[in-house]
Amino acid sequence: MHDLLFRDAMLYDGTGAPPVRADVAIEGDRIVSVQAGGQGARKTIDGRGLALAPGFIDVHTHDDFAAVAYPDMAFKLAGGVTTSVVGNCGFGAAPYAAAAVMAKTLHPKLSLPEWQGYAGYLRRLEAHPPGVNIGLLVGHGTARLAAMRNENRAPTGAEMTAMKATLAEGLEAGALGLSSGLVYDPGRFAATDELVELCSLMRGTGALYATHMRDESTGLIDSVGEAIAIGVRAGVPVQISHHKASGRAAWGLVRESLKLIEAAQRRGLDVHADQYPYTAGSTILSAVYRDGKLRGAIGDLTGEDVVIASTESHPLWEGRSLAQLGREMGCSPEQAAERVLAADTGVTCVLHAMNEEDVRTVMRHPSTMIGSDGIPTLEGKPHPRLYGTFARVLGRYARDEKLFPMEEAVHRMTGFAAAKFGLRDRGVVREGAFADLVLFDPATIIDTGTFEDPKRTPAGIRAVYVNGEAAVDGGQVTGKRTGRVLRRA
Ligand code: ZN
Ligand code: CU
């Protein structure tokens, strides 16, 4: 007798194969049978008219601290996500003291328990499981901050040794790779050679290098070149994070950057990218406003383009652009940025800096998987990608705009992601795989959040199972927390 049977759903198995009508049976935490006409289960879910797919794997998140602070992870589960890869953009969960400094910029109010290293962080998650599975990347920026504070120079031998020790500790604990954030402090002070030297530690382990590149604006092509060079020289797979062309002067460059990725693949490099499906980005304001200017690696921005997302001390500023704030304060947008940062260092913002045609060009490309880059600051007006990314790709881009077939969209957020990040028995529906599953209505699935009202649950997601347990049932988050730590295979 099976524990659970999904009967008569259209199965999108995560491999990219066209859907088939199937019955999927679960026992414990595993899928035990996939066939038409399965029977005999303690509980049966009628899947007629619905789609059944592997749980979505969010390859680009900043959920490191949210997984500890908000372990029900309702904001992920309600959107069909069953696995978060944390530690992106150079921001990792260890060493603790440096991680805590960075945590403050996203979660100014949070007081976190302390842990020892990546192993300690993962043990903490195992003792207090979150609602979704967690795979992690070691953050280069955090390792650098711990080794040499915010210094704008090359590391000494001893500092390099300290960074390597952090990376080795993380890999030993089961990290999936190393991430960098080369626009942020202190990652931007690292030269290519430093990253090659660190990444070389991962050669032959299957761990990958994921990068928020140095310049996603007019320097995009050079930046992709640097990411590829690091992968080639260190001998490691590469993941280009949130691939985009940011700022008007850079629009259209993604056509060239994708060709660079293709050329590197032909030469044998394992290189891919991920993307969130919006024309606006989001980050910390301190990375956007620097040296008196709204510009830099993010591209030239106007005061209208930059909207405050969350600021603990002045919630009334949330949802207002720097241009609006400047008018209200009787100053320039730059001066408004200055005042906002003086009041509160942990300020996040939304940046309207991309072009829809580029978003589609990147999404259509077979090398692109899906990652939300959601910033889980649950106060204020976070970028709606935190909630809506996966439903938006399925509903808007696959179903409504027919950018690619639904099975391809599902593949980009499941089997493809699991293969790239080395997540064994995840991302596919087949006998023996873990029972991470999403049941959704392909006719109605859609994101519902807006920039004005972002914290809205997507429509059309009926049930979500994590390791065989119902995390969302009848569209409601159950509060069950059955996520696990996913270590490198
Ligand atoms: Zn980033
Ligand atoms: Cu990120």
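How many residues of domain 2 are in contact with how many residues of domain 3? In this model, 28 residues of domain 2 touch 24 residues of domain 3, where contact means heavy atoms within 4.5 Å.

The model is predicted, so local features need pLDDT of at least 70 and side-chain atom pairs count only at pLDDT 80 or more, while totals for chains, interfaces and linings use all residues. Residues are numbered from 1 along each chain as its sequence is written, chains are lettered from A and ligands numbered from 1 in the order in which they are written, and side-chain values use heavy atoms, with hydrogens and water left out.

**Stop 1: the domains**

Colour the protein chain by its division into domain 1 (2-54 + 429-443 + 459-477), domain 2 (56-279 + 354-383) and domain 3 (281-353). These bounds come from an automatic or database domain assignment. Taken over C-alpha atoms, the centres of domain 2 and domain 3 are separated by 23 Å.

**Stop 2: the metal site**

Select the zinc ion (ligand 1) next. Its protein donors are Cys89 (SG), His212 (ND1) and His242 (NE2), at 2.1 to 2.2 Å from the ion. Donors are N, O and S atoms within 2.8 Å of the metal (3.2 Å for Na, K and Ca); water is not among the atoms, so sites may look incomplete. Along the chain, the donors of the zinc ion have the spacing C-x122-H-x29-H. Cysteine 89 sits in the loop between β7 (81-86) and α3 (96-106), whereas histidine 212 belongs to strand β10 (residues 208-212); the pair links distant parts of the chain, 123 residues apart. Helices (H or I, at least four residues) and strands (E, at least two) are DSSP runs, numbered from the N terminus. Both cysteine 89 and histidine 212 are buried. Buried means under 20% relative accessible area, exposed over 50%, and partly exposed in between (1.4 Å probe, protein chains only).

**Stop 3: the cavities**

How many cavities of 30 Å³ or more does a search of the whole structure find? The search finds four. On a 1 Å grid over the protein atoms alone, a cavity is a set of points where a 1.4 Å probe fits but cannot get out, and lining residues have an atom within 4 Å of a point. Grid points are joined across faces, edges and corners, and a volume is the space filled by probe spheres set on the points.

For the largest cavity, with a volume of about 320 Å³, select Tyr184, Ser282, Thr283, Ile284 and Ile375, which lie nearest its centre among the 27 lining residues. The elements that give two or more residues to this lining are α3 and β13 (280-284), and β13 gives the most, with four residues. Domain 2 and domain 3 each supply at least three residues to the lining of the largest cavity. By class, this lining has 14 nonpolar, eight polar and five charged residues. Ala, Val, Leu, Ile, Met, Phe, Trp, Tyr, Cys and Pro count as nonpolar, Asp, Glu, Lys and Arg as charged, and the others, Gly among them, as polar.

Move on to the second largest cavity, which holds about 60 Å³ of space. Its lining includes the zinc donor His242, together with residues such as His243, Lys244, Tyr276 and Met354. Helix α13 (residues 356-364) gives the most to this lining, with three residues. The lining of the second largest cavity has six nonpolar, three polar and two charged residues.

**Stop 4: backbone details**

Select alanine 94 and proline 95: the peptide bond from one to the other is cis, with omega near -10 degrees. Proline 95 is in the loop between β7 and α3. The peptide bond from aspartate 185 to proline 186 is also cis, with omega near -5 degrees, and proline 186 lies in the loop between β9 (177-181) and α7 (192-199).

Lysine 402, in the loop between α14 (385-400) and α15, has a positive phi of about 55 degrees although it is not a glycine. Lysine 402 counts as exposed because its relative accessibility is 64%. Asparagine 467, in the loop between β20 (461-466) and β21 (469-473), has a positive phi of about 50 degrees and is likewise not a glycine. Asparagine 467 counts as buried because its relative accessibility is 4%.

**Stop 5: histidine 411**

Finish at histidine 411 in helix α15 (residues 406-412). Is histidine 411 buried or exposed? Histidine 411 counts as buried, since its relative accessibility is 19%. Leaving aside neighbours within four places in sequence, histidine 411 is in contact with Gly14, Thr15, Gly16, Phe416 and Ala417.

Definitions and conventions:
1 Å grid on protein atoms, 1.4 Å probe; cavity = no way out; pocket = protein on both sides within 12 Å on 5 of 7 lines; lining within 4 Å.
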